[in-house]
Amino acid sequence: MALLQSDKFSWTKGFYLAVHLNMLVLKDLRGVRTIETKKLSRAIFYGVLTIFIFAALTSLIFSLLLRFTSLQEHSIQYVITGITFLAMFLGGFISGGKGKERGWLVGGLTGVFFTLIILLFQYLGYDSMFTLKELVYHACFIITAMMGGILGVNITSSRAS
């Protein structure tokens, strides 16, 4: 408990989050819990990597379909959006499975890191910020990754027991 009294924490209505040495410290209504930051960062890395690999593979498939068939880009717009949500869910699922606890946090951080990478790419590469429509999409992406993280933790923990 001395650890908790000596560090600075971010407080919000009975919940706080702090980083101490190599631990992420969470306190909520159920008490104080810690997560190793190395384990957390590795889980997030695998989740974001999964999202980008899945996106690259599906982009290749769709580019070949668009090039060698009579499909038009506007005709597959909703399919691409659905596949993007699937990629976010899978990334959250993988990160939740690797993290093995707090799937909402691990999946949410996976979605946040993906969004930050896309924002940096768009801002630095195209000199434009997100539009309102893109902000809504990315908020939904983060929620979808959170749901994947929750399911990933629960599926992994049920297999282990």
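Guide: A salt bridge is a side-chain nitrogen of Lys or Arg within 4 Å of a carboxyl oxygen of Asp or Glu. The structure shown is a predicted model, in which local features need pLDDT of at least 70, side-chain atom pairs count only at pLDDT 80 or more, and totals for chains, interfaces and linings use all residues. Residues are numbered from 1 along each chain as its sequence is written, and side-chain values use heavy atoms, without hydrogens and water.

Visitor: What makes the pair Glu101 and Arg102 a salt bridge?

Guide: The closest N and O atoms of Glu101 and Arg102 are 3.4 Å apart, which falls within the limit, so the pair qualifies as a salt bridge. The structure holds one salt bridge.

Visitor: Why does Arg102 count as buried, and why does Glu101 count as partly exposed?

Guide: Buried means under 20% relative accessible area, exposed over 50%, and partly exposed in between (1.4 Å probe, protein chains only). Arg102 has 14% relative accessibility and is therefore buried. Glu101, at 25%, is therefore partly exposed. Across the protein, buried residues make up 29% of the 161 residues.

Visitor: Which elements does the protein contain, and in what order do they run?

Guide: The protein has five helices and four strands; helices (H or I, at least four residues) and strands (E, at least two) are DSSP runs, numbered from the N terminus. From that end, the order is α-β-β-β-β-α-α-α-α.

Visitor: Why is His138 called buried, and which residues does His138 touch?

Guide: His138 lies in helix H5, residues 132–160. Its relative accessibility is 8%, so His138 counts as buried. Leaving aside residues up to four places away in sequence, His138 touches Phe114, Thr115, Ile118 and Phe130, where contact means heavy atoms within 4.5 Å.

Visitor: Why is Phe85 called partly exposed, and what does Phe85 touch?

Guide: Phe85, in helix H3, has 22% relative accessibility and therefore counts as partly exposed. Beyond residues up to four places away in sequence, Phe85 touches Tyr137, Cys140, Phe141 and Thr144. Phe85 and Cys140 are 55 residues apart in sequence, while their C-alpha atoms are 8.4 Å apart in space. For the protein, 58% of contacts between residues at least 6 apart in sequence join residues at least 24 apart.

Visitor: Which residues form the nonpolar patch on the surface?

Guide: The nonpolar patch consists of Phe45, Tyr46, Leu49, Ile53, Leu57 and Ile94, with about 530 Å² of accessible area together. Helix H2 (residues 37–68) gives the largest share, five residues. A patch takes residues with over 30% relative accessible area and no salt bridge; like charges are joined within 9 Å, and nonpolar side chains (Val, Leu, Ile, Met, Phe, Trp, Tyr) within 5 Å. Tyr46 belongs to helix H2, and its relative accessible area is 33%, so Tyr46 is partly exposed and passes the area limit for a patch.

Visitor: How many residues does H2 give to the lining of the largest pocket?

Guide: H2 gives seven residues, the largest share of that lining. The largest pocket holds about 610 Å³ of space. It has 22 lining residues, of which Ile80, Thr81, Thr84, Phe114 and Phe141 are the closest to its centre. Two or more lining residues come from each of H2, helix H3 (77–99), helix H4 (103–126) and H5. On a 1 Å grid over the protein atoms alone, a pocket is an open set of points where a 1.4 Å probe fits, with protein on both sides within 12 Å along at least five of seven lines; lining residues have an atom within 4 Å of a point.

Notes
Areas by Shrake-Rupley, 256 points an atom, 1.4 Å probe, with all protein chains shown as cover. Points joined across faces, edges and corners; volume = space filled by probe spheres on them.
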